[in-house]
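Open the model in your viewer and keep the selection panel at hand.

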Amino acid sequence: MITNWGERMKRRLGAALGVLVSAAAIPFVTALPAQATAEDCKTYLSGAGYVIGAGVENACNMGSGPFPKPEFCITQLQSLQVTPEHAGAACELARR
């Protein structure tokens, strides 16, 4: 009877461990696309001739992610002398 109880506990422990590992991996998996879209924003602006510094990085990062703030991205980029057309296109890339 004890062997049966021990086997059940091992299975439950294994299942619980699997759930914990899966839950811990979710933030890493969901963060990857946000990084890629901020990179798209910066790559676009670099290709358009803009210098990519801390301000541009911050704007592109704020324009991407699970809760993007495209209005902040555009306003920030325009304050850095990025044209409205380029700022809009870059922030749209960040939002994807």
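The model is predicted: local features need pLDDT of at least 70, side-chain atom pairs need 80 or more, and totals for chains, interfaces and linings use all residues. Residues are numbered from 1 along each chain as its sequence is written, and side-chain values use heavy atoms, without hydrogens or water.

Now colour by burial. Of the 96 residues, 21% count as buried (under 20% relative accessible area, 1.4 Å probe, protein chains only).

Switch to cartoon. The chain has four helices and zero strands, in the order α-α-α-α. Helices are DSSP runs of H or I, at least four residues; strands are runs of E, at least two.

Select 54-62, helix H2. Val56, Ala59 and Cys60 are buried there. Look down the axis: the buried residues of H2 fall within an arc of 95°, so they line one face of the helix. The arc is taken over directions from the helix axis to the C-beta atoms.

Next, select 70-79 (H3) and 84-95 (H4). The two pack at about 140°, axes 9 Å apart. Axes are lines fitted to C-alpha atoms over the stretch in contact, and angles run from 0 to 180 degrees between N-to-C directions. Show side chains: the contact (heavy atoms within 4.5 Å) includes Cys73, Ile74 and Leu77 of H3 and Ala87, Gly88 and Cys91 of H4.

Notes
Buried < 20%, exposed > 50% of the residue type's maximum accessible area, 1.4 Å probe, protein only.
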